[in-house]
2 protein chains.
Amino acid sequence: MSKRAVTEYPINDAMANRWSPRSFDPTAVLTSADLGPAFEAARWAPSANNLQPWQFIVGYRGDETFAKIVNDLSGFNAGWAPDASALVVTVANTHTASGRDNAYARYDLGQSVAHFTIQATADGHMTHQMGGFDIDALTIALGVTEPWEIVSLIAVGALGDPNKLPEDRRDAETGPRERKPLTEVVR
Amino acid sequence: MSKRAVTEYPINDAMANRWSPRSFDPTAVLTSADLGPAFEAARWAPSANNLQPWQFIVGYRGDETFAKIVNDLSGFNAGWAPDASALVVTVANTHTASGRDNAYARYDLGQSVAHFTIQATADGHMTHQMGGFDIDALTIALGVTEPWEIVSLIAVGALGDPNKLPEDRRDAETGPRERKPLTEVVR
């Protein structure tokens, strides 16, 4: 199934082909070597003063970290995300080297995550980011402490069968991707 | 001059080759068509609830928007950034559709900017993001109003002569790029 973006200008394949499924194949397995290139790409993202205010905690299906993350998923995410091969917790360092608030912490983490998802797509993996989880519980479960802060989760894996999704979710899964027109985005 | 990232795992060329110069060619010209693919890539970034909380205001060297941005550059940025062919102001929508704070506004803007810089690099352009500018003055000069908020600037152009930089900046310009080791970034 291709959901390639319909673009006015040609763009890089990995960015055109990247989309966020909710149907993952529960039998597909990923290892840390499989995700090496994606984390390597994330590592080379730019950041304010090269502070690199990012860290990633990875669980692979079947391990203890994965189980902790699954345990704190909310709502519909708790239904589909456990089928992913890996769940990645993204963590931002909210402070600068001098201990002040880093206004670019989330912005730079976002850049690093984009590098991750683009490389993962290039390597044939599917990714889906989530904000729906119990952040306080997961912070304790994973022992994340200040100035670090959990921001998002990324499900990574292989595409599964959309027919396993609840009926009201299937259209979004198989339908076209939508974005605001370029004229609203650039001025 | 190549400053390709030295990686343990192979990564996409545009991400490996992307770096942030301070020497831009003051004679190189870019048009809105030249940056079309980069903005198209930015447009297709993922975001929480597909809110797409990003907007880009572009000045091309010689136009009024470019002059306004140059006017509010701070410190060393005021020296090198005017040589860029284009200056892009990145703007985040800080609210969700229901008017609440969007905790993912900067994170998602960062993802969109990463898409922009990766596509721009693939197209042969150099990019350099900046936080050093008078944000209040530029907000007024460009008429940006709530819930939108200026976050960063991106200089885009062609690589210039590093020997034109002040002596104490030349080493960083021509030296190797540095990042924390992968073992510090992933756990």
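In the predicted model, the buried residues of helix 2 of chain B pack against elements of both chains: helix 1 (13-17) and helix 8 (182-185) of chain A, together with strand 1 (54-60) and helix 5 (105-122) of chain B. Helix 2 of chain B spans residues 36-43 and is mostly covered, seven of its eight residues being buried. The buried positions are B:Pro37, B:Ala38, B:Phe39, B:Glu40, B:Ala41, B:Ala42 and B:Arg43.

The same surface serves both copies, since 100% of the contact residues of chain B recur in chain A.

Across the interface, 49 residues of chain B are in contact with 49 residues of chain A. On the side of chain B that touches chain A, two or more residues each are given by helix 1 (13-17), helix 2, strand 1, helix 5, strand 4 (148-157) and helix 8 (182-185) of chain B. Of these elements, helix 5 of chain B gives the most, with 12 residues. The class composition of this side of chain B is 28 nonpolar, 13 polar and eight charged residues.

Two packed helices are described by the angle between their axes and the distance between the axes. The axes of helix 2 (residues 36-43) and helix 5 (residues 105-122) of chain A come within 7 Å and cross at roughly 150°. Because angles over 145 degrees count as roughly antiparallel, helix 2 of chain A is roughly antiparallel to helix 5 of chain A. The crossing of these two helices of chain A is right-handed. On the side of helix 2 of chain A, the residues involved are A:Pro37, A:Ala38, A:Phe39, A:Ala41 and A:Ala42. They meet A:Ser112, A:Val113, A:His115, A:Phe116, A:Ile118, A:Gln119 and A:Ala120 in helix 5 of chain A. By class, this contact has nine nonpolar and three polar residues, and no charged residues.

Several backbone features lie in loops. In chain A, a cis peptide bond with omega of about 5° joins A:Glu146 and A:Pro147. A:Pro147 is placed in the loop between helix 6 (135-142) and strand 4 (148-157) of chain A. In chain B, B:Glu146 and B:Pro147 are likewise joined by a cis peptide bond, with omega of about 5°, and B:Pro147 is found in the loop between helix 6 (135-142) and strand 4 of chain B.

The loop between helix 2 and strand 1 of chain B holds B:Asn49 and B:Asn50. Phi of B:Asn49 is near 55°, a positive value in a residue other than glycine. For B:Asn50, phi is near 55°, again positive in a residue other than glycine. B:Asn49 has 12 other C-beta atoms within 10 Å and is exposed, whereas B:Asn50, with 13 C-beta neighbours inside 10 Å, counts as partly exposed.

Notes. Residues are numbered from 1 along each chain as its sequence is written. Chains are lettered from A and ligands numbered from 1 in the order in which they are written. This is a predicted model: local features need pLDDT of at least 70, side-chain atom pairs count only at pLDDT 80 or more; totals for chains, interfaces and linings use all residues. A residue is buried if 20 or more other C-beta atoms lie within 10 Å of its own, exposed if 12 or fewer, and partly exposed in between; C-beta atoms are placed from the backbone. Helices (H or I, at least four residues) and strands (E, at least two) are DSSP runs, numbered from the N terminus. Two residues are in contact if their C-beta atoms, placed from the backbone, lie within 7 Å. Ala, Val, Leu, Ile, Met, Phe, Trp, Tyr, Cys and Pro count as nonpolar, Asp, Glu, Lys and Arg as charged, and the others, Gly among them, as polar. Axes are lines fitted to C-alpha atoms, for helices over the stretch in contact, and angles run from 0 to 180 degrees between N-to-C directions. Angles under 35 degrees count as roughly parallel, over 145 as roughly antiparallel, 65 to 115 as roughly perpendicular and the rest as oblique. A crossing is left-handed if the near helix is turned anticlockwise from the far one by less than a right angle, and right-handed if clockwise.
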